[in-house]
Structures are given as C-alpha cells and as structure tokens.
2 protein chains.
Amino acid sequence: MDNRRRIVDSAKRMFWRNGYSTTSPKQVMADSGVGQGSYYHHFPSKTGLGKEVVDENGRDLLEAVQAAMAGLPTGRERLLAFLKSADSALEGCRVGGFAYDAGVLADPELQSSLRVAFTELADLLENVVREGQEDGSLPSSLDPVSTAAALLAVVEGAFILARATGQQSSADAATAGAKALLTGL
Amino acid sequence: MDNRRRIVDSAKRMFWRNGYSTTSPKQVMADSGVGQGSYYHHFPSKTGLGKEVVDENGRDLLEAVQAAMAGLPTGRERLLAFLKSADSALEGCRVGGFAYDAGVLADPELQSSLRVAFTELADLLENVVREGQEDGSLPSSLDPVSTAAALLAVVEGAFILARATGQQSSADAATAGAKALLTGL
DNA sequence: GTCTATACGTCGATAGAC
DNA sequence: GTCTATCGACGTATAGAC
C-alpha cells in the first residue's frame with residue numbers, strides 16, 4: 001500500500017503543475033520511483049488515477065481554504081482571506097487546470113469529480129457570505145450565490161492571468177481589485 | 001496560400017476548443033482537409049502554427065470586446081458589456097485555455113504571444129475604467145489597473161467555473177455577482 | 001505486488017518524387 | 001506546393017514469470 005500512496009502523491013503534484021493529459025504514466029513512475037509492474041497493478045487505467053487525484057486535490061484545496069479562514073471573526077474577513085488563495089498563482093490552481101483539459105472533460109468520471117470539487121468550494125463561500133450578512137460585515141443586499149461565484153471566479157481567473165503573463169503581480173492586481181470592490185460597499 | 005489559411009482557421013478553432021498540446025497536426029489536417037505534405041510545407045513546426053493561432057485568437061477576442069462596447073455611452077456600461085464575454089462559457093475562452101497548457105508555457109514564443117494577448121486586453125479595460133471615471137459613471141476612488149485586472153479575472157474564471165461544473169449557469173452567476181459589486185458602488 | 005518484455009497506435013516530423 | 005513513404009520516440013497499456 002505504500003507504493004500506491006507514492007503514485008498518488010506524485011500524480012497529484014504532476015497533474016496539478018503540468019496537466020492531466022500532458023503527464024504520462026511513465027513520468028509518474030519516474031517521479032514516484034515506482035516500477036511499471038507495480039504502477040499498473042494499482043492503476044490499470046489512467047482515468048482511475050486521475051479521479052483519485054482530482055478528488056484529493058479538491059479536498060486539499062477545500063481544507064486549505066478553511067484553514068486560512070479559521071479564527072477570523074467576520075464573514076467579510078474570511079472572504080478576503082480566500083482571495084489570498086492566488087498568492088502563488090504561477091503554480092496554478094490545484095483543480096482549475098483540469099477544467100481546460102479536453103481529456104478530463106471527455107471522461108464522465110473525471111468531469112464528475114471536478115464538478116464536485118467546484119461545487120463544494122462555491123457552497124463554502126456562499127455560506128461565508130451569509131455569515132457575513134448575519135454578523136453585519138456584509139450588506140444584506142448581496143446575493144450569496146452570485147457573490148460567492150464571482151469571488152471564486154476572480155481567484156481562478158487570477159491564476160490564469162499570472163500564468164498567461166508569467167507574472168505573479170497580475171494575479172495580485174486582480175485580487176486587489178476584487179478586495180477594493182468588496183470593501184468599498 | 002489558400003491551404004495555409006485553411007490550416008490556420010482549423011487550428012484556431014481546435015486549439016481553442018480542445019487545447020494546443022492535446023490537438024495533433026494530424027487532427028488539424030483532417031479538420032482542414034489539407035494533406036500532410038502541404039501541412040508541413042506551410043508549418044514545419046507545431047510551434048509556428050501555435051504562435052500564429054494565439055496571435056490571431058488574441059486579436060479576434062480583442063476586436064470582439066471592442067465591438068461589444070462600441071456605441072455604449074458610459075465607461076460603466078462598456079465594462080458591463082465586457083462581462084457578457086462569458087456568455088458561451090462552455091466553449092472556453094479563445095486565449096484562456098493556453099495559460100493552463102504546459103506545452104505552451106514551456107515555449108518562449110508561445111508564452112510571449114500569450115502575454116501580449118492578455119496585456120492588450122487588460123490595457124483596454126484599464127482605459128475603459130479611466131473613461132468611466134471621467135464621464136462620472138465610475139467612482140474616482142477605483143484603481144484603474146487593479147479594477148481592470150479583477151474584471152478580466154472574473155470573466156476568465158467564469159469560463160473555468162462553467163467548464164468545471166458543465167453548466168453555463170455557473171458562469172452567469174459569477175458575472176452577475178461582479179455586476180452587482182460594480183453597480184452597488 | 002513487483003519485474004521485464006512486448007504490443008500497437010500516435011506524435012511530430014523528415015525524405016524524396018512529382 | 002503537394003503527395004506518399006518512412007522514422008524514432010513516446011503513450012497507454014497487456015502478458016507472463018517470480
């Protein structure tokens with residue numbers, strides 16, 4: 001069971017940084033140090049590994065966001081903490097890259113895992129918006145669902161801007177702009 | 001010169017919808033109806049075709065945004081028109097997908113073309129923010145650079161949300177949330 | 001569970017004739 | 001400019017021994 005974990009851990013990082021379709025089983029074997037026989041024993045198909053990776057990366061991201069928000073007193077502050085998710089944007093989002101991979105979208109199992117990951121993130125943010133409205137830190141005029149979606153989109157878009165321009169500062173500008181819009185209410 | 005154009009036109013659509021690294025020369029030949037000999041005569045390397053595609057898709061997008069804004073009286077209305085860019089988000093952004101393609105980022109020529117495309121879009125939006133401040137439709141307290149970056153990020157993120165969840169409505173929610181934040185100023 | 005060997009297609013391109 | 005033939009490497013596995 002130890003080699004299985006090594007495979008998943010390597011694939012999580014490689015699919016995240018280099019993409020699912022553009023990372024080969026052979027590269028995962030090399031990175032994890034696991035031999036071919038062992039690799040195919042644990043993961044007879046690439047889809048199986050991909051699904052496990054999307055699921056785990058989704059959970060990792062959700063937990064990271066929750067950890068970043070923990071202890072902050074108001075909903076508004078917790079939302080602003082979420083905007084910091086794009087602080088190392090050149091690495092790419094743990095799950096965002098899968099959404100532009102045709103090989104992922106063509107596979108119902110992977111698409112399904114991806115949808116769950118994004119839905120859970122959006123739900124979390126939506127609840128935080130509601131909490132902010134209850135604690136008085138956010139105006140009750142905001143629609144929780146679309147506000148949460150907009151903030152999630154800003155962060156995902158910030159990753160894209162940074163990678164497209166090659167500069168972290170592009171992501172920083174985007175989140176700063178969102179922060180200003182949110183605090184200028 | 002006619003076959004050359006056919007190749008570029010096919011590649012523009014296929015790289016856009018299916019990704020650069022995951023689309024092979026053979027697929028472009030099949031889609032364009034151009035034979036292998038002709039294909040490699042015009043584009044000896046995939047990088048050359050990729051660069052031309054990124055450049056043209058970037059220009060196409062810029063022109064589409066300008067056309068959508070044309071005739072609108074205030075800067076604020078022109079910005080809101082830009083948010084409609086994510087109206088067919090399941091197709092993906094004409095240029096956004098390249099930012100998550102490792103094969104693109106590893107190639108200095110492609111990375112450079114991509115950077116130009118995003119920079120030009122950001123510059124356009126930045127100018128529109130300034131115009132909105134001059135015509136009184138946007139508060140002068142906004143920072144044009146970061147506000148433009150945030151709006152561009154929302155739209156790019158909206159494409160990601162739609163593709164990840166498989167639903168256009170996810171993109172609509174994001175742009176609606178951004179619109180509310182922008183008009184609630 | 002892990003190993004080595006093998007399979008069969010595709011990728012991105014080159015060669016040489018017309 | 002376009003055609004067909006060919007190339008070496010890689011992608012995604014499968015087979016069968018240990």
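In the side chain of Ser38(A), an N or O atom sits 2.6 Å from a phosphate oxygen of DNA strand C. The model is predicted; local features need pLDDT of at least 70, side-chain atom pairs count only at pLDDT 80 or more, and totals for chains, interfaces and linings use all residues. Residues are numbered from 1 along each chain as its sequence is written, chains are lettered from A and ligands numbered from 1 in the order in which they are written, and side-chain values use heavy atoms, without hydrogens and water.

Chain B reaches a phosphate oxygen as well: an N or O atom in the side chain of Ser24(B) is 3.5 Å from one of DNA strand C. One of its polar side-chain atoms lies 2.4 Å from a base nitrogen of DNA strand C. A polar contact here is a pair of N or O atoms within 3.5 Å; within protein, one must be able to donate a hydrogen and the other to accept it, and residues adjacent in sequence count only if both atoms are side-chain atoms.

DNA strand C is surrounded by 14 residues (near: a heavy atom within 4 Å). The closest are Gly37(A), Ser38(A), Pro25(B), Gln36(B) and Tyr40(B).

α3 (36–42) of chain A and α3 (36–42) of chain B each supply at least two residues. Helices are DSSP runs of H or I, at least four residues, numbered from the N terminus.

## Aromatic pairs

A ring pair is described by the distance of the centres and the angle of the planes. Rings of Phe, Tyr and Trp (its six-membered ring) pair if their centres lie within 6.5 Å; planes under 30 degrees apart are stacked, over 60 edge-to-face, the rest tilted. By this rule, there are four aromatic pairs over all chains. Tyr39(A) and Tyr40(A) form an edge-to-face pair, because their ring centres are 4.9 Å apart and their planes at 80°.

Phe15(B) and Tyr20(B) are also edge-to-face, because their planes are at 85°, with ring centres 5.2 Å apart. Tyr39(A) is buried at 1%, whereas Tyr40(A) is partly exposed at 38%.

Conventions: Buried < 20%, exposed > 50% of the residue type's maximum accessible area, 1.4 Å probe, protein only.
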